[in-house]
Amino acid sequence: MNPTVFELDLDRDPEAYLALHRSLDESAADALLDERELSVRMAVREVVARAVAPRAAAADLDHAFVHESYQALAKEGLAGLIFPERLSGSGDSNVAYAAAVEEITVGCAATSLVYMTQMHAAYPIMMAGTEELAERYIPGLLSGRTYGALAITEPDAGSDVASLRTAAVPHDGGYRLSGGKTFITTGDRADVIICFATVDRARGRDGITAFVLDGRWRGLSRGNPLDKLGMHGSTTAELFFDHLEVPADHLLGEPGQGWRIVMNSVTKSRISAAAQGVGLARAAYARTLRALTSLHGTRPPAEAASALAALRGRILQGRLLLYSVARQVDAAADPPAGQIAIMKQSCTDLGWQASREAMRILGPYGDLAELGVERCLRDAKVTQIYDGTNEIQRLLIARDTARAMEERR
């Protein structure tokens, strides 16, 4: 087999890409999508086939930000699915959004990370900001005119948001921010930054406050993009605040409400990460199946066929879990925290495990960059870490189980 032929056929030929993924759609998963959600998925898949997947390998190799890939999605009106039309969105469901992120990830995981980070920056503004802030910042994020970042993580505060050290001190009717953030996706180029800081460390989570920062303001500096295992087409950087002055009208909610905003926001971000996990599993499976077909025709060796059959079942299970929990989020005023944690942990573990298994099935071919399976493995690892590590998700699941048992006593 010449692996370069496989790469050109799958990534550079939109019709071959579309035909392969149509053939791998599962009727059981499709049954969970309504007509509109199926049409959104198809529209996203078309853009991915023609404008995202062909750029993915080069972006990974060159560590080039996937600007053109995100712009292609935004140009077709596919970047604001869960936002209302008044803010340049399309008012779609969380299920449609999950299916969209999954499809983008199949073609290029780094593009899906940029795509979902735009939503993660815009959503807190819609949820807790004034109408003026929403109208000023959200349409630009959804159209691709501006880029956004969500600044939570600090060197000593990741999953434990209550221990943030970045300080917000009242000043001239607004606040001054001092401190630093790390591992901030799109932080090196963000025009809009949602920053979480504390107005009083002694108050713990009750001191956490959210702010909208303009990337041009004085007092903000940025580190160089960090070198990473995967997601090379998406940048990650440190941010530093040196007495950065924030007007009072750039608060989200009231002082001390940042914890609630974080908790409401992570529901969306964990749907995003789970969808990435499913998408990466699908990508690794599709690439492996196509490579084995190139080697052996439609009847691969028995061991490989058996392993692929097991993968297909696990991927279908992941898609069913993703769509059903996203549907619960659409239907519930108070989304089910335990189900969200199970979804995030299970689906992102699926992305890692499926990619690793795909490499094993391929043997020496699995390590070849041309096939893209090793890229799936590298990209999958971080999904288990961000948006709440999977260790934290297991803790949340255990607490939810204990709570349920207590209620039944």
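**The interface of domain 1 and domain 3**

1. In this predicted model, domain 1 and domain 3 bury about 3200 Å² between them, and carbon and sulfur atoms give 57% of that area. On the side of domain 1, Glu-26, Asn-94 and Glu-102 supply 19% of the area buried against domain 3, which is more than any other three residues.

2. For orientation, the protein chain is divided into domain 1 (9-143), domain 2 (148-258) and domain 3 (263-407). The C-alpha centres of domain 1 and domain 3 lie 18 Å apart, and the contact between these two domains involves 42 residues of domain 1 and 35 residues of domain 3.

3. As to charged pairs, eight salt bridges are found across the interface of domain 1 and domain 3. In a salt bridge between Asp-25 and Arg-319, the closest N and O atoms are 3.9 Å apart, a value to be read against the cut-off of 4 Å.

4. Polar contacts join 15 residue pairs across the interface of domain 1 and domain 3, counting pairs with both residues at pLDDT 80 or more. The side of domain 1 that touches domain 3 draws at least two residues from each of α1 (3-11), α2 (14-23), α3 (27-30), α4 (35-62), α6 (94-107) and α7 (109-128). Helix α6 gives the largest share of that side, with 11 residues.

5. Sorted by class, the side of domain 1 that touches domain 3 is made up of 24 nonpolar, seven polar and 11 charged residues.

How values were computed:
Residues are numbered from 1 along each chain as its sequence is written. This is a predicted model: local features need pLDDT of at least 70, side-chain atom pairs count only at pLDDT 80 or more; totals for chains, interfaces and linings use all residues. Side-chain values use heavy atoms; hydrogens and water are left out. Domain bounds come from an automatic or database domain assignment. Contact means heavy atoms within 4.5 Å. Buried area is the accessible area (1.4 Å probe) that two parts lose on being put together, summed over both. A salt bridge is a side-chain nitrogen of Lys or Arg within 4 Å of a carboxyl oxygen of Asp or Glu. A polar contact is a pair of N or O atoms within 3.5 Å; within protein, one must be able to donate a hydrogen and the other to accept it, and residues adjacent in sequence count only if both atoms are side-chain atoms. Helices (H or I, at least four residues) and strands (E, at least two) are DSSP runs, numbered from the N terminus. Ala, Val, Leu, Ile, Met, Phe, Trp, Tyr, Cys and Pro count as nonpolar, Asp, Glu, Lys and Arg as charged, and the others, Gly among them, as polar.
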